[in-house]
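I opened this notebook page to record what I looked up in one structure. The entries follow the order in which I checked each topic.

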Amino acid sequence: MDNKNAGKALPACPVETTLTLIGDKWKVLILRDLMPGTKRFGELKKSIGSVSQKVLTAQLRDMEESGLVSRKVYAEVPPRVEYSLTELGQSLKPILDAMQDWGEGYKASLS
């Protein structure tokens, strides 16, 4: 984690810590969409769907401060910004895979 989070007290419970970092609906979807690789802001917004630009920006900034997402700005006109998962962000893959497996099993149990 970077120095911005050094002063933040994390919960004692590891599950609560994880939920603090990725418990928001949009954060999980951002993680899902960045797992395959780098995306630009517009690509993320389109792939996630109904999230507003303001909320997506806030969620990305929060995830960047937490060390889960990396932001790269290119000195071009118009400016180009790309987002990718850090190594720490990539380490959440087993959690997302488990969520996908559980969701598929749940849907199958309803039919």
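Which residue in strand 3 is the bridge partner of Arg 71? I found that Tyr 83 is the bridge partner of Arg 71.

**Basis.** I worked from a predicted model, in which local features need pLDDT of at least 70, side-chain atom pairs count only at pLDDT 80 or more, and totals for chains, interfaces and linings use all residues. Residues are numbered from 1 along each chain as its sequence is written, and side-chain values use heavy atoms, with hydrogens and water left out.

**Hairpin.** I noted that strand 2 and strand 3 run antiparallel and are joined by six bridges; strands pair if DSSP finds at least two bridges between them. Five residues lie between these two strands, which form a hairpin. I located Pro 78 in the loop between strand 2 and strand 3. The peptide bond from Val 77 to Pro 78 is cis, with omega near -5°. Most peptide bonds are trans.

**Chain.** I counted seven helices and three strands in the protein chain, taken as DSSP runs numbered from the N terminus (helices H or I, at least four residues; strands E, at least two). Their order along the sequence is α-α-α-β-α-α-β-β-α-α. Of the 111 residues, 30% are buried, where buried means under 20% relative accessible area and exposed over 50%, with a 1.4 Å probe and protein chains only.

**Helix 5.** Helix 5 (residues 53-65) has 13 residues and reaches 18 Å from its first C-alpha to its last, close to the 18 Å expected at 1.5 Å a residue; the expected span is 1.5 Å times one less than the number of residues. I listed Leu 56, Gln 59, Leu 60 and Met 63 as buried in helix 5. They cover an arc of only 100° around the axis, which puts them on the same side of helix 5; the arc is that of the directions from the helix axis to the C-beta atoms. Lys 54 and Arg 61 are exposed on the other side of helix 5. The cover over the buried residues of helix 5 includes helix 3 (25-34), helix 4 (41-48), strand 2 (69-74) and strand 3 (80-85), with contact meaning heavy atoms within 4.5 Å. After helix 5 comes Gly 67, whose phi is positive, near 85°.
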